[in-house]
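Please keep the structure open while reading.

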Amino acid sequence: MKNDEKTFEKYFAGNMSSTEAKAFSAILANDKSIKDEYDYFLAVKKGAHLLERDQLRSKLAKIDVRNEAVADESPRKTNRSIITIIKWAGGIAAIFLIAFFAFYAPNQINSEDLFAQNFETYVAQAERGSSLDEMKEVYNDGDYNAFLKMTENVDETPELQMMIANAYMNKNQFVEAIKTLTKITDDSVLRDKKYWYLGLSNLKIGNRKEAIQHFNYLLSISNYKKTETEEILSSIHK
Amino acid sequence: MQDKELLSAIREGGRAKRLAVDHLFNSHIGMMQTVQSKLHLSADQIKDMYADTISATIWNIDTNRFKGESKLSSYLYRILYNKSVDLLRHTTTNKNVAYLELAEESSALISEDQDRILESSLDVQIVKSELFYMGNPCSNIIMDWAFWGYDMAEIASRNNLENADKAKKKKYSCMKKLRLLLKSKGISDL
């Protein structure tokens with residue numbers, strides 16, 4: 001194991017050339033003692049990944065995903081309703097429903113997917129000795145309820161406003177997020193991010209016109225998220 | 001942090017990996033809600049799926065299966081969505097519900113989810129448990145090496161050992177101890 005470990009790491013991390021990898025595979029196929037060592041190496045790596053996954057699960061236990069809000073609009077209930085309507089209204093209603101969904105559903109799914117694929121929570125930068133440090137830690141840990149409580153009666157700096165807006169976005173409170181984002185002044189270093197998140201928030205709640213305005217404005221003032229912004233605009237216009 | 005930087009930090013290991021994993025985890029939390037509302041999962045289910053997604057992604061980056069061909073957020077979203085669909089398939093009693101039928105569209109992408117390899121083996125679950133219950137410093141040292149990829153000097157300083165050489169010896173004895181624990185659980189072929 002000792003001397004083989006570097007080779008194992010290289011093979012495991014996919015850092016061998018194809019010739020080296022083939023040669024090592026042949027060794028594994030023919031030398032049982034090396035194969036046993038590699039299997040043990042791999043089992044420990046996998047076990048360590050699973051253990052870390054458990055840590056992530058514990059970390060997530062604190063986070064509120066807003067399950068209650070979602071439960072009221074559950075697809076099961078919606079589907080049951082649709083089925084009932086179809087039964088009662090017959091074929092004409094079914095045709096009407098199909099036409100309705102064909103027209104609206106693609107846009108709705110597209111906006112949600114675009115948001116989900118592009119939304120990344122703003123990560124607060126730690127500064128030693130800063131009065132915001134504790135808040136930043138709670139925020140970066142994803143405990144948004146506790147974070148928002150801590151921000152009550154605190155003077156809002158642009159960074160704090162950005163964090164508050166992102167906390168609201170994570171809590172699915174996009175109107176609050178938009179209100180907070182608009183407070184960030186345009187002379188702040190967070191100006192570009194402000195328009196990016198304004199675009200995304202509006203996209204998420206279906207305000208396409210506003211989303212387009214924010215994304216277009218962002219393109220006109222900065223290169224921040226240029227490719228992503230262009231891709232979103234092009235998808236919205238499809 | 002850009003995707004390229006994040007991938008390279010994860011593959012670099014050590015402190016860089018720790019920061020990158022935190023960033024990966026924190027910056028995509030909002031995805032849970034989107035997938036949850038689409039597929040009607042409980043809060044606990046979506047959280048489990050999200051943890052699995054992050055773990056699978058780290059594994060795929062560590063093993064060079066994911067090289068950044070697609071945008072990381074799109075990649076994560078696909079894995080989270082596919083895993084959630086898969087969970088629905090196993091848990092739902094009415095396979096005909098419309099949302100599950102819609103979700104079937106994504107089944108072709110499920111092969112991307114490499115961490116099935118991780119979870120498939122009972123032996124690996126036992127390795128995980130033994131690694132946890134063997135306690136410190138061995139548990140920390142093995143995690144620092146096997147998951148976080150710290151070098152021996154860093155492992156020494158993180159675990160109050162004098163130097164890299166001492167850390168290397170300690171890691172060796174911990175690995176030996178773990179192997180014995182596994183053998184005592186009937187896993188003799190490791």
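## Disulfide

Across all chains of this predicted model, there is one disulfide. Its partners are B:C138 and B:C174, with an S to S distance of 2.1 Å. The torsion about the S-S bond of B:C138 and B:C174 is about -75 degrees, so the disulfide is left-handed.

B:C138 sits in helix 9 (residues 138–146) of chain B and B:C174 in helix 11 (residues 164–184) of chain B, so the pair ties together parts 36 residues apart in sequence. Both B:C138 and B:C174 are buried.

## Salt bridge between chains

The count of salt bridges over all chains is 24. One of them pairs B:K128 with A:D54, the closest N and O atoms being 2.8 Å apart. B:K128 belongs to helix 8 (residues 122–133) of chain B and A:D54 to helix 3 (residues 32–61) of chain A, so this pair joins two chains.

B:K128 has 13% relative accessibility and counts as buried. A:D54 is partly exposed, at 22%. Both residues belong to a network of salt bridges that also links A:R53, A:R57, B:D48, B:D52 and B:K83.

## Salt bridges in chain A

A:E156 and A:K183 form a salt bridge at 3.4 Å, N to O. A:E156 lies in the loop between helix 7 (144–150) and helix 8 of chain A, and A:K183 in helix 9 (residues 174–183) of chain A, so the pair ties together parts 27 residues apart in sequence. A:E156 is partly exposed, at 35% relative accessible area. A:K183 is also partly exposed, at 45%.

A:K194 and A:D186 make another salt bridge, with the closest N and O atoms 2.9 Å apart. Here A:K194 is buried, at 6% relative accessibility. A:D186 is partly exposed, at 37%.

## Second largest pocket

The second largest pocket holds about 1,200 Å³ of space. Its lining comprises 33 residues, with A:V123, A:A124, A:Q125, A:N140 and B:H23 nearest the centre. By class, 16 are charged, 10 nonpolar and seven polar.

Helix 6 (133–140) and helix 10 (191–204) of chain A, and helix 2 (14–27) of chain B, each supply at least two lining residues. Helix 2 of chain B gives the largest share, seven residues.

## Cavity

One cavity of 30 Å³ or more turns up in the whole structure. The largest cavity holds about 50 Å³. Its lining draws on both chains, including A:F115, A:F119, A:M169, B:G30 and B:Q33. Helix 8 (158–170) of chain A and helix 3 (31–39) of chain B each give two or more residues to this lining. The classes are four nonpolar, four polar and one charged.

Notes: Residues numbered from 1 in each chain as written. Chains lettered and ligands numbered in written order. Predicted model: local features only at pLDDT ≥ 70, side-chain atom pairs only at ≥ 80, totals over all residues. Heavy atoms only, no water. 1 Å grid on protein atoms, 1.4 Å probe; cavity = no way out; pocket = protein on both sides within 12 Å on 5 of 7 lines; lining within 4 Å. Points joined across faces, edges and corners; volume = space filled by probe spheres on them. Helix = DSSP H or I, 4+ residues; strand = E, 2+ residues; numbered from the N terminus. Nonpolar A, V, L, I, M, F, W, Y, C, P; charged D, E, K, R; others polar. Disulfide = S-S within 2.5 Å. Buried < 20%, exposed > 50% of the residue type's maximum accessible area, 1.4 Å probe, protein only. Salt bridge = Lys/Arg side-chain N within 4 Å of Asp/Glu carboxyl O.
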